[in-house]
Amino acid sequence: AWLFVMTLGFSRHMVARIVFDQKVETWLRLHIQCFEELGGVPKTIVPDNLKAAVIRAAFGVDEETALNRSYRELARHYGFVVDPTPPRSPEKKGKVERSVRYIKGNYFTAHAPTDIRDAQNGLQRWLVDIAGQRRHGTTGQRPAEVFAQSEKPLLSALPRERMELVAWQRAKVHRDCHATFRGEFYSAPWKLVGKQVELRVTRHTVTVYHEDSYVCTHDRSSR
């Protein structure tokens, strides 16, 4: 299992989930769940440099940051800015790194859950009853109180509609005029044989783009 933790920089209030993969759809769903639990959206998100968020981090004057395309859609839909952490710079993300160590060293050390549902429910109770009520070592205040009084009013409002989960993938159109996504086959015009296309995949549809131009849309098929 992996532990996903979102820590608010001012109050140190935390939202956490236990997951079993690092797919981009999971990464997006976790953000959406956190925003809904917080009741709003922070104006800036500082993610780690995993591929579901940041394809290439850049911090020189002439360099360009490349964000995962699905993550860019999430940022536009929920109205936040993505500010990636520099590679190999753990001190730039100390708040959340310490939060992960705190959860692992306290909740998981003291609890022996029987299954994933028990683990997740127990983690939620622990975050509210223990982590949120402790006096933080740096701020000297209770994270839940600071969040409710000072930070929550500054969050941006949630959009009217929840974003549909989306994954983007580059694929080559093979000689049979099909491109593949996780073992699923989708046709494309024969003129694109041998060329790279972009697939925008949702739960129900797969849309094919070539050089950012729309080509066609298919219903999502089974493998």
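# Exercises: salt bridges, a buried serine and a sheet

Asp212 is exposed, at a relative accessible area of 59%. Exposed means over 50% relative accessible area, buried under 20%, and partly exposed in between (1.4 Å probe, protein chains only).

This is a predicted model: local features need pLDDT of at least 70, side-chain atom pairs count only at pLDDT 80 or more, and totals for chains, interfaces and linings use all residues. Residues are numbered from 1 along each chain as its sequence is written, and side-chain values use heavy atoms, with hydrogens and water left out.

Helices (H or I, at least four residues) and strands (E, at least two) are DSSP runs, numbered from the N terminus.

## Exercise 1

Find the salt-bridge partner of Asp212, and state what the pair ties together.

*Solution.* 
- Step 1. Apply the rule: a side-chain nitrogen of Lys or Arg lies within 4 Å of a carboxyl oxygen of Asp or Glu.
- Step 2. Arg69 belongs to helix H2 (residues 69–78) and Asp212 to the loop between strands E11 (205–210) and E12 (213–219), so the bridge ties together parts 143 residues apart in sequence.

## Exercise 2

How many salt bridges are there by this rule? Describe those of Glu25 and Glu36.

*Solution.* 
- Step 1. The count is 8 salt bridges.
- Step 2. Glu25 pairs with Arg182; their closest N and O atoms are 2.7 Å apart.
- Step 3. Arg182 sits in the loop between strands E8 (178–181) and E9 (184–187), and Glu25 in helix H1 (residues 24–38), so this pair links parts 157 residues apart in sequence.
- Step 4. Glu25 is buried at 18% relative accessibility, while Arg182 is partly exposed at 37%.
- Step 5. Glu36 pairs with Arg162, and here the closest N and O atoms are 2.8 Å apart.
- Step 6. Arg162 is in the loop between helix H5 (143–151) and strand E7 (167–172), and Glu36 is in H1, so the parts tied together are 126 residues apart in sequence.
- Step 7. Arg162 is partly exposed at 48% relative accessibility, and Glu36 is partly exposed at 37%.

## Exercise 3

Is Ser99 buried or exposed? Which residues does Ser99 touch, leaving aside neighbours within four places in sequence?

*Solution.* 
- Step 1. Locate Ser99: helix H3 (residues 94–110).
- Step 2. Its relative accessible area is 7%, so Ser99 is buried.
- Step 3. Contact means heavy atoms within 4.5 Å. Ser99 contacts Val5, Thr7 and Met14.
- Step 4. The side chains of Ser99 and Thr7 also make a polar contact of 3.0 Å. A polar contact is a pair of N or O atoms within 3.5 Å; within protein, one must be able to donate a hydrogen and the other to accept it, and residues adjacent in sequence count only if both atoms are side-chain atoms.

## Exercise 4

What is the strand order of the open sheet, and which are its edge strands?

*Solution.* 
- Step 1. Two strands pair if DSSP finds at least two bridges between them.
- Step 2. The sheet has 4 strands in the order E7-E10-E11-E12, with antiparallel pairing.
- Step 3. E7 and E12 pair on one side only, and are the edge strands.
- Step 4. Look at E11 and E12: 6 bridges join them. Val206 has His218 in E12 as its bridge partner.
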